[in-house]
Amino acid sequence: NWSLDDYSLQKRLYKGKMSSVYKGRCLRSGLPVALKVYFKARVPSNVIHMVLREVSIHLQACDQRNVLKLYGVFQTDELFVMVLEMAARGNLCGICRTVNGGRLTESQVRRVVLEPLLDSLSYLHGRGVCHRDIKPENILFTSEWEFRLADFGVSINLLEERAVTRAGTAEYMAPEVERCPLKSCPEDNKDNLSLAYSTAADVWSVGVLAYELLVGFPPLVGEGANGGSFNLSFPASVSPGGRDFITSALAPHPEERPTVLQLRNHPWLQAAQ
Ligand code: ADP
Ligand code: MG
Ligand code: MG
């Protein structure tokens, strides 16, 4: 039975179409929190179920150290409020802009981003959850520079639902996701079945993210990948191990991609430094 009276709001960190994120403090415990606030008036009635799904998936899947904690939720007449762990360093986009040269080193990409990301994804995938929106904006860091995966806004639990619609962000979207219609057509069940995709969609996004972090811009895939073949080109600065890691994650056919556990055990991540 939490309410807004239990928190002080200090500043707005983010403003989206339907929601804003505020830095706040729990008045009882004194602990810093982040409040993701959905304004009911800005949430169309056909989208309410997505907010509820975000909350329910996040609540059932945040018991892993690299996943942003959702402490609880409450609502008022005007708001849905998610009380989240505060990630004081903000998202990876902002962080990349402030580090020297706008790029992380290869060892930072491996140790600070990919290892914890793959650990959080293997936890999620093990529970049937496909995140579906892996990208720098949804990767946050705490004051202690600890990795936190955030934003379950388009996540899906594949034990409960089949993934048959396009969801996520274009640049990071796997070809099999790109091929799906934006809305499912229930009367056309057979068609939907053949389009159903798996957690391998997240593996593709990890490949795009790794490339972007090492190279400075996302790889030129998309159209080409949909056709089944494309050429990934790497600048000389990317090591052979990094190339192999990215190339395997960006296999056009989902069945040919490694699982997140296999990627976690890739020699490039196992190397001493
Ligand atoms: P959306 O679904 O609109 O993308 P997100 O949950 O991804 O919303 O949050 C949007 C942005 O707000 C993030 O990219 C990050 O910059 C900031 N943010 C979200 N949650 C937190 C948090 N717990 N701590 C700090 N910043 C946060
Ligand atoms: Mg987001
Ligand atoms: Mg979202």
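Is Asp 151 buried, partly exposed or exposed? Asp 151 counts as partly exposed, at 23% relative accessibility. Buried means under 20% relative accessible area, exposed over 50%, partly exposed in between (1.4 Å probe, protein chains only).

This is a predicted model: local features need pLDDT of at least 70, side-chain atom pairs count only at pLDDT 80 or more, and totals for chains, interfaces and linings use all residues. Side-chain values use heavy atoms, without hydrogens and water, residues are numbered from 1 along each chain as its sequence is written, and chains are lettered from A and ligands numbered from 1 in written order.

**View 1. Asp 151 bridges two magnesium ions, ligand 2 and ligand 3.** The ions lie 4.1 Å apart. Donors are N, O and S atoms within 2.8 Å of the metal (3.2 Å for Na, K and Ca); water is not among the atoms, so sites may look incomplete. Asn 138 counts as buried, at 5% relative accessibility.

**View 2. Strands form an open antiparallel sheet in the order β6-β8-β9.** Strands (E, at least two residues) and helices (H or I, at least four) are DSSP runs, numbered from the N terminus. Two strands pair if DSSP finds at least two bridges between them. β6 (90–91) and β9 (147–149) are the edges, each with a single partner strand, so one side of each lacks a neighbour in the sheet. Asn 91 stands opposite Leu 140 in β8.

**View 3. Helix α6 covers residues 200–215.** 16 of its 16 residues are buried. Gly 216 follows α6, with a positive phi near 105 degrees.

Terms used. The expected span of a helix is 1.5 Å times one less than its number of residues.
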